[in-house]
Amino acid sequence: MTPRVREEWARRVAAEYRSAGVTAQVLTWAIQAGLPPDLLHLATRIVTDELDHARLSHEVLLAMGGEAEPVPLDAADLEVAGPFPHALVRAFCLGETFAVPFFAAMLRGTTHPGARAVVERVLRDEATHRAFGWEALDALLTLDPALVAPLRAAMPALVHDLRGYADPPPAPPVSPEERACGLLDHVDYAAIYATTWEEDVRPRLVARGLWSAG
Ligand SMILES: [Fe+2]
Ligand SMILES: [Fe+2]
């Protein structure tokens with residue numbers, strides 16, 4: 001396997017583990033905000049999902065010839081910036097809503113059996129995580145409609161945090177072997193980001209008064 005395959009799966013281990021921490025923090029905030037019990041239980045399930053994703057991604061990394069040692073993680077990278085509504089939008093309404101079409105595109109070219117099984121599992125779960133994000137946001141805005149104005153003001157910065165996908169640094173195209181191992185070309189990330197923003201994310205934000213319709 002190419003070093004880039006191992007680097008990418010190691011990055012995914014770290015990202016999935018970080019998602020578990022973000023979700024645990026979101027769960028704490030959701031309990032403090034008094035969100036409906038169904039959403040709190042769903043958030044606990046999502047913490048478990050993300051820990052599973054991290055473990056499964058590590059198994060793929062090992063299958064690709066990676067080291068058995070834990071992927072190094074900086075504790076500072078696991079800190080979650082608040083406040084709650086901003087973190088919820090950043091990680092779930094934006095992060096998970098973009099993740100679904102990214103993983104769907106990955107799955108189409110992933111033929112390595114171990115990688116394919118993990119991409120399938122993650123894709124299935126991320127659709128639920130995306131739904132949690134928008135339902136939790138709606139519950140939060142129903143409890144406190146005054147949150148719309150500050151959240152709307154923060155949206156450009158929150159969207160900017162995800163811009164890495166829209167504007168990827170130049171990199172050599174992904175080889176057929178890398179593609180089979182679950183990697184996606186940077187130009188594909190950019191194209192999927194643009195389509196998902198226009199057709200999925202932006203309309204959902206507009207519907208909630210969080211982005212201008214024009
Ligand atoms: Fe995940
Ligand atoms: Fe997730």
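Two residues are taken to be in contact if their C-beta atoms, placed from the backbone, lie within 7 Å. The structure is a predicted model, in which local features need pLDDT of at least 70 and side-chain atom pairs count only at pLDDT 80 or more, whereas totals for chains, interfaces and linings use all residues. Residues are numbered from 1 along each chain as its sequence is written, and chains are lettered from A and ligands numbered from 1 in the order in which they are written.

The protein contains 8 helices and 0 strands (DSSP runs numbered from the N terminus, with H or I over at least four residues for helices and E over at least two for strands). Of the 214 residues, 33% are buried, that is, have 20 or more other C-beta atoms within 10 Å of their own. Among contacts with a separation of 6 or more, 80% join residues 24 or more positions apart.

Helix 2 (residues 37-63) packs against helix 4 (residues 113-143) at an angle of about 155°, with the axes 10 Å apart; axes are lines fitted to C-alpha atoms over the stretch in contact, and angles run from 0 to 180 degrees between N-to-C directions. The two helices are therefore roughly antiparallel (an angle over 145 degrees). Residues of helix 2 at this contact include L39, L42, I46, H53 and L56, and those of helix 4 include V118, V122, H129 and F132. The contact comprises 13 nonpolar, 4 polar and 5 charged residues, where Ala, Val, Leu, Ile, Met, Phe, Trp, Tyr, Cys and Pro count as nonpolar, Asp, Glu, Lys and Arg as charged, and the others, Gly among them, as polar.

Key:
A residue is buried if 20 or more other C-beta atoms lie within 10 Å of its own, exposed if 12 or fewer, and partly exposed in between; C-beta atoms are placed from the backbone. Angles under 35 degrees count as roughly parallel, over 145 as roughly antiparallel, 65 to 115 as roughly perpendicular and the rest as oblique.
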